[in-house]
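Dear colleague,

The model we spoke of is placed just under this paragraph. My notes on it follow.

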2 protein chains.
Amino acid sequence: MNTIEQWQKNEFTFQGPTTGNPFVDVDFFAILQHENERRTVRGFYDGDGTYVFRFMADVVGTWSYTTQSNVAQLDHQHGQFEVVAATGNNHGPVVVYNRTSFRYADGSPYMPIGTTAYAWAFQPESVQEDTLNTLEANEFNKVRMTVFPKFYNYNTAEPQSYPYVGTQTPSDHPFTFDDWEVAPDQIHFDFEKFNPKYFQHLEQRIAQLDQLGIQADLILFHPYDHWGFARMGHDANMRYIKYIVARLASYKNVWWSLANEYDLMAMYDQIQLGEWDEIGQMVHQEDPSNHLLSIHNFYDVPRHQLNTSNWYDYSKPWITHLSLQNYSLYMAVQWQNDYQKPVIFDECRYEGNIEMGWGDMSAEDLVDSFWKLMAHGAYATHGETYLDRPNTDRPIWWAHGGQLHGESYKRINFLADLFAKNQLSDVEPIGIQTADWELYAGQSRDQSHVVIYFGTSQPRFENLPFLASGKQYTAQLVNTWNMTITDFEPVLDQSKWFEMPAGKYQALLLTVKGGDRHGSEGE
Amino acid sequence: MNTIEQWQKNEFTFQGPTTGNPFVDVDFFAILQHENERRTVRGFYDGDGTYVFRFMADVVGTWSYTTQSNVAQLDHQHGQFEVVAATGNNHGPVVVYNRTSFRYADGSPYMPIGTTAYAWAFQPESVQEDTLNTLEANEFNKVRMTVFPKFYNYNTAEPQSYPYVGTQTPSDHPFTFDDWEVAPDQIHFDFEKFNPKYFQHLEQRIAQLDQLGIQADLILFHPYDHWGFARMGHDANMRYIKYIVARLASYKNVWWSLANEYDLMAMYDQIQLGEWDEIGQMVHQEDPSNHLLSIHNFYDVPRHQLNTSNWYDYSKPWITHLSLQNYSLYMAVQWQNDYQKPVIFDECRYEGNIEMGWGDMSAEDLVDSFWKLMAHGAYATHGETYLDRPNTDRPIWWAHGGQLHGESYKRINFLADLFAKNQLSDVEPIGIQTADWELYAGQSRDQSHVVIYFGTSQPRFENLPFLASGKQYTAQLVNTWNMTITDFEPVLDQSKWFEMPAGKYQALLLTVKGGDRHGSEGE
């Protein structure tokens, strides 16, 4: 009997028909049972007469399965397998915790330290290897990445293979936004025929990320397209959702991002705003493992002079967290309160120097954004957009992966390490009423640790009236840019006034005296 | 016959009763006429049996007056005076121009370069002299200042005199916000009896500002009070408005600011939100010269998670411009459009290092705010809050005036000079749709000059599709922090891509080729 760890992908392979169009003609499901647990998972056609279903069991013990199909060969197949407890670095999928935070399914701490390399899996092999090496060498534990290839400025090379049967002539002109306006007679793919090799490759990359402890925040649709994948029509969209969820829901490190900049897709007449409810519900319904699920906007609230009613409604029950493009960092706490869900600023501009306003941010400003959000128990996502000149061939991390050339990632490593070592993976904001200018404060949910970030503010002295009453705290002064941590006198409490050294990008890290059960900096 | 320049204060003095309470008992008005012009101005009692009316004529020619009073001695007094054209630096009052900008009444350019020294006129004499010297040495042309003395942290000394008859025991304890909660039996002033000497002194300071070409943005009420001036009651408030407008409306450099942080006054049960309409209408009605008039908030939209319906309604017809406390600089354009009035961020945090979040901003950030707002045709106001230690006795510019110790004012001088020399005193925002991230662009209303500010953004190359079609521009690169201006190649136009040097706080200043009628940097 097949034995597998809890939360690992278990795969069952069957042979079936190769005639007709198996992607459309064959229905194939498995019913999985363990005591009172019962799950239905969709199988998929993997080419060459091979049919597969995959399952990630969340409960230890003996499971059995029975298949159902409209093809006799695939129907009423039975089997059993044994699920054993997770070991080593297998902590299971990431789940929402304490309403606005995350952790692993086994209870281990997890806070997203995201980066962005949208189309890294479709670059030349050596660039993909660089990407994996870069990720391994740094603290990022979530990557935003697309399922489909990407066509955009700096992204006009054709991928090595395509998700559907068909082919595309490379573009013969510099990118313009008109390239996204693909007319029906310019589409050369058969949206009823997936290309299994494309998805097998993607899966290999997702598995490698999982081995590195990195979540794959998978973007199912996006507007950066000249193939037609962004405008396949409703039936093909639904077929695609069923197929991708069947293939990938068993990877424990997968998050579903319904789209990047979904509101741009409506502008380009690709997917209309009204279709996202159905797409989101379909992903949720097809996924037996309830992976994290969100959708990412283009228009910025309130900067684009919009309010949140212009957003996709993040209060929908299938949405697990907010995955925002937003630059108003102080709004994080309001949105935590409004939606009672985790808030990730999945794009708060990228460090770099391209010509687009979202990609010419200084390293200092991006690190500053990370600290402001994380001190409030929200999260930021990194991206890097350095280039040497227009239309450079050099990989740009934001889209291609490869190597990092900036300065922010080093400080983000430092921050991630500091928060992890100080029980700050589950932070709740504090002091919102009293500290409503440029001071960002939060505490670990058990109140053992407090972080206060000052940004570019330079108070000569300070007090922290929002600290818990009756508690005393030892303190460390953090220079978030220089990456130094020094002991800070005096012991602090709710009423103490204390002097602050001059300087920018400073933070205080407090540990409650007598209350530190985890052996970091307390007494 | 008395001869006076247009827009200068003309003062007429009469002797009247000293018995009873002249401030309450005596009604005294003057009707002024010139051809079809007819104005009514209120006179006021200046002590020692002296009654005064003042008038600032805006039309050249022979004017006549007749007084009206319920006291025979002051009734039916007649006279004439001759108003001649303004000379020298007399440009008249500042008025709204092109909906969202300002200029002088004679058509000369004026853009507010404000600073804040709330209670400077009530400090020791030497500090007041320092303040005037500092203002003379710099480019500030508007000062926010209070009519009443100020009681707050760092502001607990008693003033040298009081606006009303009475006296106050100095505070014997460090400031707390409870000090603003003045019970009726703690008020030791007679709100029916003004102290003319207090106002004579204030007028002297306003006149000195006028000589320096500086607007006095006079704050009529504020919450920072332990005397009771913030809670005199409705009748006394109205009497005060009539008195202060009678005294000061003839100073051409006066702007009325109904209150500082009027919404805090409601929180402290001083003046309720519902009373401001009547106060504003009363100022407007009493003022024969229609000085600029606004009101200044405390709560920040949207940072305090409020929308503009929580503001005083700046669309009211007696409000001439928005005088905001706000940190969301990108909202300036929306509010210009919403209200069709000039937008001044009269508090966007102060450079300094006090313990309050509004007063611990870096110099870089304040200069950055000035550039962002002014590139969009809005305005910022400076303030400085440096101190050495808690409860220092050293004057802090923000409240006391004195001397400047910071770094932002030098860059604001540079900016003011640069804008003035490049016909940028009346800027309209451009490129809002295409440049919606961190690029702030505006042009002179005649389209001869364009300013583009990049803040901390660092694009390696750039284009400016929002430039006027068919025009070519010579360019200069401005380092707004280092205060350097260097010629920039190439000639720019709507379609040109060009390289930008690395660096922060850069701006481009463009002059249309063949279109520069004013002889600055164009051909």
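**Symmetry and interface**

A rotation of 180° with 0.0 Å of shift along its axis brings chain B onto chain A, with an RMSD of 0.0 Å (least-squares superposition on the C-alpha atoms of residues with pLDDT of at least 70 in both copies). This is therefore the relation of a two-fold axis. B:Pro302 has the C-alpha of chain B nearest the axis, 4.0 Å from it.

This is a predicted model, in which local features need pLDDT of at least 70 and side-chain atom pairs count only at pLDDT 80 or more, while totals for chains, interfaces and linings use all residues. Residues are numbered from 1 along each chain as its sequence is written, and chains are lettered from A and ligands numbered from 1 in the order in which they are written.

In chain B, 32 residues are in contact with 32 residues of chain A (C-beta atoms, placed from the backbone, within 7 Å). Strand E26 of chain B, residues 461-463, gives the most to this side, with three residues (strands are DSSP runs of E, at least two residues, and helices runs of H or I, at least four, numbered from the N terminus). The side of chain B that touches chain A has 13 nonpolar, ten polar and nine charged residues (Ala, Val, Leu, Ile, Met, Phe, Trp, Tyr, Cys and Pro are nonpolar; Asp, Glu, Lys and Arg charged; the others, Gly among them, polar). Because 100% of the interface residues of chain B are also interface residues in chain A, the copies meet through the same surface.

**A helix pair in chain A**

A:Asn237, A:Met238, A:Ile241, A:Lys242 and A:Val245 of H4(A) meet A:Ile279, A:Met282, A:Val283 and A:Glu286 of H6(A). The residues of this contact are six nonpolar, one polar and two charged.

Regards

Terms used. Two residues are in contact if their C-beta atoms, placed from the backbone, lie within 7 Å.
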